[in-house]
Amino acid sequence: MARRGAAALALALALLAVALAGAAAQGAAVEDPDYYVQEIWSREPYYARLEPEPFSPPLPAGPGEEERKLRASEPRAPKKATKPKKAPKREKLAPETPPPGKKSNRKGVKTKSSEKAAGDDHRVPVAREAVREGCPPLGLETLKITDFQLHASTSKRYGLGAHRGRLNIQAGINENDFYDGAWCAGRNDLHQWIEVDARRLTKFTGVITQGRNSLWLSDWVTSYKVMVSNDSHTWVTVKNGSGDMIFEGNSEKEIPVLNELPVPMVARYIRINPRSWFDNGSICMRMEILGCPLPDPNNYYHRRNEMTTTDDLDFKHHSYKEMRQLMKVVNEMCSNITRIYNIGKSHQGLKLYAVEISDHPGEHEVGEPEFHYIAGAHGNEVLGRELMLLLMQFLCQEYLARNSRIVRLVEETRIHIIPSLNPDGYEKAYEGGSELGGWSLGRWTHDGIDINNNFPDLNTLLWGAEDRQNIPRKVPNHYIAIPEWFLSENATVAVETRAVIAWMEKIPFVLGGNLQGGELVVAYPYDMARSTWQMQEHTPTPDDHVFRWLAYAYASTHRLMTDARRRVCHTEDFQKEDGTVNGASWHTVAGSLNDFSYLHTNCFELSIYVGCDKYPHESELPEEWENNRESLIVFMEQVHRGIKGLVRDLHGKGIPNAVISVEGVNHDIRTASDGDYWRLLNPGEYMVTAKAEGFTSSTKNCIVGYDMGATQCDFTLSKTNLARIREIMEKFGKQPVSLPARRLKLRGRKRRQRG
C-alpha cells in the first residue's frame with residue numbers, strides 16, 4: 001500500500017509538472033494551486049467540455065443506517081469567527097490551529113484526520129494546502145448567485161422557494177405572499193435539501209445559516225449535513241473521520257452561524273441537508289456559501305462577466321482609526337483642495353469627521369453652491385461609508401491628474417463628505433464582520449436611537465397649518481421652526497442628530513444625499529404619509545418633479561438600479577419607477593432627514609440605497625465602486641441645475657434671508673448671509689420673485705435650459721418708504737412714528753374738545 005501510495009503521488013507530481021509546463025508554454029498562468037489539483041483529478045473531461053466530469057462515489061447508505069449515524073454523530077459546534085477584513089493572501093504561513101472565538105480568521109491545518117476523511121473516496125477533489133485560506137461569499141446575499149442557481153427538494157409554496165433562502169433576506173409586510181423570509185421545505189423529514197450550483201469548479205470552505213425572517217413564526221434548522229457534487233446526481237458527504245459530519249445550526253432565527261468545512265472541497269454543487277430543526281417549527285433556512293471560484297481560462301462566460309476596476313484606490317473595510325488615517329493621507333495629498341473637520345462627537349466620544357473638497361477649503365464662496373454626502377447613519381450599512389472613502393480618494397487623484405470634469409466640479413462646488421455619522425454603531429458591526437452581523441447589529445447609536453428617523457416632525461406642523469389655511473400668512477411653507485420640546489435636554493434626541501442639525505443650519509446646503517444600504521433604489525421626500533394611520537401613501541412635495549429628476553439622475557447612471565432584468569433585493573420591485581420611489585409610498589417614516597432638510601433648510605435631500613447587501617465582503621468593493629462611481633459624480637453635478645443669483649440692495653450689498661418664490665411652487669427658499677441663493681428647478685420658464693423685509697419685491701422671468709449650469713437670475717431691491725423713514729429717524733436718534741397710533745390719539749383729542 002505504501003508503494004502504491006508513493007507511485008500515485010509520483011504520478012500526480014508528474015502530471016502536475018506537465019500541466020504547469022503546458023500552461024507556461026501557452027502563456028496562461030493559473031494562480032490557484034487547487035486548479036491543478038482539479039486538472040489531475042479529471043483532466044481530459046474537464047477540457048473536453050465546460051461542465052466538470054461527474055463524481056463516482058460509493059453508493060449512499062440506506063435510510064436506517066443514516067439515522068443510526070445521525071444518532072451516533074455529535075453535532076459540530078459552529079465557529080464564532082468573523083469575516084476576514086482583507087482579501088485572501090497567498091502567503092505560506094506556519095501551520096497552526098486558530099483559537100476559537102470571534103477573532104478567528106478561519107485558517108486551519110491539514111491534519112491526519114482531515115486527510116483520512118478526504119481519502120475515504122479518492123474521487124472527491126480536496127484542496128491540498130498546508131494552511132486554510134479564507135474564501136469570500138459566493139453571493140447569495142448580493143444576488144451574484146441567481147435564482148436559477150438555487151434548487152431545493154421541496155418547498156411549502158413559491159414564496160418560500162429555494163430562491164428565498166438567501167442570507168439576511170427580509171420578508172414582506174404581508175407574509176404568506178410571493179416574498180417570504182426563507183426557504184421552507186414542503187415536508188419535515190430527513191430527505192429535504194437546498195443546493196447551490198456555482199456553475200464552475202469552486203473551492204467550498206464554509207456555510208453560514210440563519211432561520212426564517214418572520215414576525216409571527218419561529219422556524220430554523222438546528223443541525224445539518226453538507227454534501228458536494230460535480231453533476232448534481234452523485235453526492236459526497238463531508239466527513240469527520242469515518243462518519244458523516246453533522247454541523248450545528250442555529251439556536252434562533254436571526255443571528256447568523258458560521259460553520260467551516262474541516263477541509264475545503266472542490267466541486268461545482270453544494271447541498272445542505274437539514275438533520276434537525278426547532279421543535280415547534282419547520283425546516284426553514286437562509287444561507288450563504290463561502291467559496292473560491294477556481295480559474296477557468298477556457299470559459300468565456302465567466303471571464304466576460306468578471307468586473308474589474310482601473311482605479312488605484314484603497315479597497316478594504318476601514319476601522320475608525322484607519323478611516324481617520326486615510327482621510328489624513330488624502331488631505332496631505334491634496335492639501336490645497338481638502339480640509340478635515342468634525343461636526344461634533346458620538347455618544348461614545350468619537351469625533352464625527354467630515355472632509356471638505358473645494359478650491360478654497362474653509363470658506364463659503366459667493367455664488368458657489370454647497371453639496372454634501374452623509375453615510376453611516378445606520379452603523380451596519382457599511383457600503384455607503386466605504387464608497388465615501390473611495391470617492392474622496394478618487395476626487396483627489398483625478399484633480400491632481402487634471403481630469404477636466406473633476407477639476408470643474410471641485411472649483412465650482414463646495415463638497416462636504418461625512419463617511420461615518422454613527423461610528424459607535426459601525427464599530428459593533430465591524431467587530432461582527434461582513435456576514436455574521438445579521439441584519440441589524442450596529443444599526444442604532446450606542447443609546448439605541450435610529451438617527452435617520454430622529455429629526456423633528458415638521459410635516460405635521462406644516463400640514464396642520466395648511467388645513468387651517470394659515471399658509472403662508474402665519475406659518476411659512478419653508479424654514480419651519482424646530483419645536484421647543486425637541487430642543488430640550490430631556491428629549492430623546494441623539495447627540496449625532498443634534499450635531500447634524502447644527503451643521504445644516506450653519507452651511508447653506510443646496511443638495512445632499514444620505515447613503516444607506518439593504519436595497520437598491522433612490523427614495524425622495526416626503527417620507528411621511530399625510531393621511532393618518534396610512535403605512536403606504538404617495539405623498540409628493542411641491543417640488544416633486546425636481547426630486548424625481550434628481551432621483552433618476554442617480555438611478556439611471558447606476559449600473560444596476562434601472563436594469564429590468566435584475567432580481568429584487570427583498571420584496572419591492574422598483575423598476576416601475578426606474579429605480580426610484582417616493583419615500584411615503586414605500587413605507588411611512590416620521591422625522592426623517594429628508595423631510596427635515598426640505599422643510600427646515602434650503603437643502604433638497606434624498607436617500608440613496610446603494611446595495612442589497614448592507615455589509616458586502618471586502619472582495620466586492622471594487623465592483624460596488626464601479627456600480628456607483630458615475631452616479632455619485634452625476635448626482636453632485638445636479639447641484640448646478642436650476643437658477644442661482646444674488647439679491648442686493650441699491651448699494652450693491654447682499655441681502656441675507658431674502659425669500660425666493662417660484663410661481664406655481666408652494667415652497668420657497670432663502671438667501672444665504674451674503675445674499676446669494678440657489679434654487680433647483682427642472683428645465684422650463686419660471687416667474688421668480690425676490691422679497692425681503694423692508695424692501696419692495698421684485699419679479700423676473702427666468703429660463704432654465706437643459707445644458708449643465710444654473711441660470712443666473714439676480715435681483716436688486718429698493719427699500720420701502722416706511723423703511724426709509726425709519727432709517728432716517730433712527731439715524732437722528734428719534735423713534736419711528738406709529739401712524740395708526742397717531743390717528744387714534746388725534747381722534748381722542750377731537751372728542752375731548754367737542755365735549
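Ser223 lies in strand 4 (residues 221-229). Helices (H or I, at least four residues) and strands (E, at least two) are DSSP runs, numbered from the N terminus. The model is predicted: local features need pLDDT of at least 70, side-chain atom pairs count only at pLDDT 80 or more, and totals for chains, interfaces and linings use all residues. Residues are numbered from 1 along each chain as its sequence is written, and side-chain values use heavy atoms, with hydrogens and water left out.

Ser223 has a relative accessible area of 4% and is therefore buried. Buried means under 20% relative accessible area, exposed over 50%, and partly exposed in between (1.4 Å probe, protein chains only). Leaving aside neighbours within four places in sequence, Ser223 is in contact (heavy atoms within 4.5 Å) with residues including Phe247, Pro274 and Ser276.

Helix 14 (residues 544-555) packs against helix 17 (residues 621-637) at an angle of about 150°. Their axes are 8 Å apart. Axes are lines fitted to C-alpha atoms, for helices over the stretch in contact, and angles run from 0 to 180 degrees between N-to-C directions. The two helices are therefore roughly antiparallel. Angles under 35 degrees count as roughly parallel, over 145 as roughly antiparallel, 65 to 115 as roughly perpendicular and the rest as oblique. Helix 14 contributes Leu550, Ala553 and Tyr554 to the contact. Helix 17 contributes Asn628, Ser631, Leu632, Val634 and Phe635.

The whole structure holds five disulfides, each a pair of cysteine sulfur atoms within 2.5 Å. With bonded cysteines counted along the chain, the pattern is 1-4, 2-3, 5-6, 7-8, 9-10.

Cys184 lies in strand 2 (residues 183-184) and Cys284 in strand 10 (residues 284-293), so the link ties together parts 100 residues apart in sequence. The link is right-handed, with 115° about the S-S bond. Cys184 is buried at 0% relative accessibility, and Cys284 is buried at 0%.

Cys334 and Cys396 form another disulfide, their sulfur atoms 1.9 Å apart. This link is right-handed, with 90° about the S-S bond. Cys334 is buried, with a relative accessible area of 0%, and Cys396 is buried at 2%.

Cys569 and Cys612 are also joined, with sulfur atoms 1.9 Å apart. The torsion about their S-S bond is about -60°, so this disulfide is left-handed. Both Cys569 and Cys612 are buried.
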